[in-house]
Amino acid sequence: MFKKRKIEKAFIQFVTENEANLYRFAYNYVKNQQDALDVVQESIRKGLCSIHKIEDVSVIKSWMYRIVINTSIDSIRKHKKVHPMESEAIEHLLGGTDKYENIDLKNAIESLPHNYHAIIFLRFFEDLKIEEIAKVLEENANTIKTRLYRALKLLRIELEDGIQEDQRYE
Amino acid sequence: MNRMKQLIKEYQNIEIPEELHTVVEQALRQKKKRKPKKMYIGFAVAAILFISSVNTSSTIAHAFSDIPVLGKMVNLITFREYRVNEDTYNANIKVPAVTNLDNKELEKSLNEKYLQENEKLYQEFLKDMEEVKKSGGGHLGIDSGYEIKTDNEQLLSIARYNVNTVGSSSTTMKFDTIDKKNQILINLPSLFEDEDYVDVISENIKEQMRAQMKANPEVSYWVSGIGEEVFDSFEKIGKEQNFYINNQGKLVISFDKYEVSPGFMGVVEFIIPTDVIQDQLVSNEYIK
């Protein structure tokens with residue numbers, strides 16, 4: 001009973017402290033504010049519903065990211081046809097002169113297969129360690145590493161930074 | 001990598017809507033409202049009106065029970081309430097009491113049981129609250145009360161629920177079914193000739209689980225034979241499994257949250273078709 005409470009407390013703390021990250025992460029999938037908020041809310045609900053399955057505080061982070069990914073994908077599936085575009089996004093498209101390059105990269109990342117896409121985001125945008133990503137995606141660390149390199153190669157991004165950052169965690 | 005860095009920066013600049021914090025807070029706080037919370041409001045109001053009088057004077061209680069129409073309503077009342085209302089600590093415990101039974105011994109034993117159980121619940125809550133406070137605070141909630149499942153000429157089925165909220169919530173139910181005519185408490189084994197009912201009912205429930213899951217992908221039970229490996233699947237009901245008899249005279253088997261299904265399914269109930277258990281039944285006195 002007490003251990004359970006400790007895990008729940010850790011979960012609540014993690015969610016509260018990382019709400020902005022979880023939101024951005026969801027936003028990145030669903031691309032609009034309302035859906036992202038819904039995904040965050042739904043993910044917390046799912047989390048609370050199955051928190052009793054968690055045995056150890058250390059897995060909360062990767063477990064929660066996994067829930068957010070799955071919930072986001074569900075949400076996208078539900079609203080498959082329409083992506084309401086927000087004003088900033090429109091401005092972005094109209095206004096930017098030097099942003100073309102980035103839009104390309106953005107599109108390239110988005111057109112990656114789901115597994116690769118998630119790895120790029122978790123690694124670079126959410127700053128998760130390889131092992132943590134492995135837990136989120138339920139794969140082993142080597143598979144993740146291979147996919148990460150392959151993804152970067154597909155994106156034709158120079159690898160130096162990537163390699164250095166990776167080795168830090170080995 | 002420059003482009004990537006810029007993109008990361010862009011990502012970090014995704015605007016965080018103001019309402020995010022509220023949404024998160026609410027999601028964390030939500031108590032998953034389950035069926036048991038649907039109280040019979042009309043009944044509750046009526047009961048509250050009577051609480052004080054019935055509580056203080058047995059003569060008045062008797063007076064009420066002599067009025068034919070009201071008599072039936074006074075059968076179950078809220079005898080006592082325990083409440084805690086501090087920021088993150090909430091307890092709401094309603095203790096029912098049966099009145100109006102001629103079998104005073106049965107009435108007394110039920111009421112004592114209700115009072116003792118709830119008193120214990122309340123004391124445990126206070127103790128837990130102290131512990132949580134000592135270890136730096138947290139959320140703690142308990143909501144306990146009762147619902148009348150069946151109330152007809154012959155039977156009174158009372159469901160008592162207990163929702164325990166510690167971040168997530170767990171719900172446990174307890175049932176008592178009273179034969180009003182004969183003034184006795186009915187337990188599950190007493191309905192059947194021998195113990196075969198355990199297997200017969202269990203098989204039927206498993207079939208119902210599989211059928212429900214097939215019909216609706218959102219439904220999930222821990223049951224074997226659905227193509228997925230299930231760890232710790234549901235095998236058999238207990239001899240004294242939670243049950244009640246509904247207004248149609250059907251046997252209803254109830255499982256607590258997490259007992260046979262993932263948490264989101266909440267408390268689940270299965271109505272057992274009478275023809276399935278006909279061979280095992282002692283008689284069709286209660287179950288039709």
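Me: OK, what about the scores for the model?

Reply: ipTM is 0.71 and pTM is 0.48. For chain B, pLDDT averages 78, and 80% of the residues score at least 70.

Me: Where in chain B does pLDDT stay under 50?

Reply: Over residues 31–74 of chain B. The model has 50 contacts beyond four places in sequence for that stretch. Where pLDDT is low, the predicted coordinates should not be read in detail.

Me: Switching to chain A: how do helix 4 and helix 8 cross?

Reply: The axes of helix 4 (residues 60–78) and helix 8 (residues 130–137) of chain A come within 8 Å and cross at roughly 50 degrees. That angle makes helix 4 of chain A oblique to helix 8 of chain A.

Me: Left-handed or right-handed?

Reply: The crossing of helix 4 and helix 8 of chain A is right-handed. Helix 4 of chain A makes the contact with A:Lys61, A:Ser62, A:Tyr65 and A:Arg66, while helix 8 of chain A brings A:Glu132, A:Lys135 and A:Val136. By class, that contact has 2 nonpolar, 1 polar and 4 charged residues.

Me: Back to chain B. What's the strand order in the open sheet?

Reply: The 3 strands of that sheet in chain B go 7-8-9, with antiparallel pairing. Strand 7 (243–245) and strand 9 (268–272) of chain B each have a single partner strand, so one side of each is left without a neighbour in the sheet. The twist averages 25 degrees from one strand to the next.

Me: How many bridges join strand 7 to strand 8?

Reply: 3 bridges join strand 7 of chain B to strand 8 (residues 251–255) of chain B. B:Tyr244, for one, has B:Val252 in strand 8 of chain B as its bridge partner.

Me: Which strands does helix 7 of chain B lie across?

Reply: Helix 7 (residues 197–215) of chain B lies across strand 8 and strand 9 of chain B, and runs at about 115 degrees to strand 9 of chain B.

Conventions:
Residues numbered from 1 in each chain as written. Chains lettered and ligands numbered in written order. Predicted model: local features only at pLDDT ≥ 70, side-chain atom pairs only at ≥ 80, totals over all residues. Axes fitted to C-alpha atoms, helices over the stretch in contact; angles between N-to-C directions. Helix = DSSP H or I, 4+ residues; strand = E, 2+ residues; numbered from the N terminus. Parallel < 35°, antiparallel > 145°, perpendicular 65-115°, else oblique. Left-handed = near helix turned anticlockwise from the far one by under 90°. Contact = placed C-beta atoms within 7 Å. Nonpolar A, V, L, I, M, F, W, Y, C, P; charged D, E, K, R; others polar. pLDDT = per-residue confidence, 0-100. Pairing = 2+ DSSP bridges.
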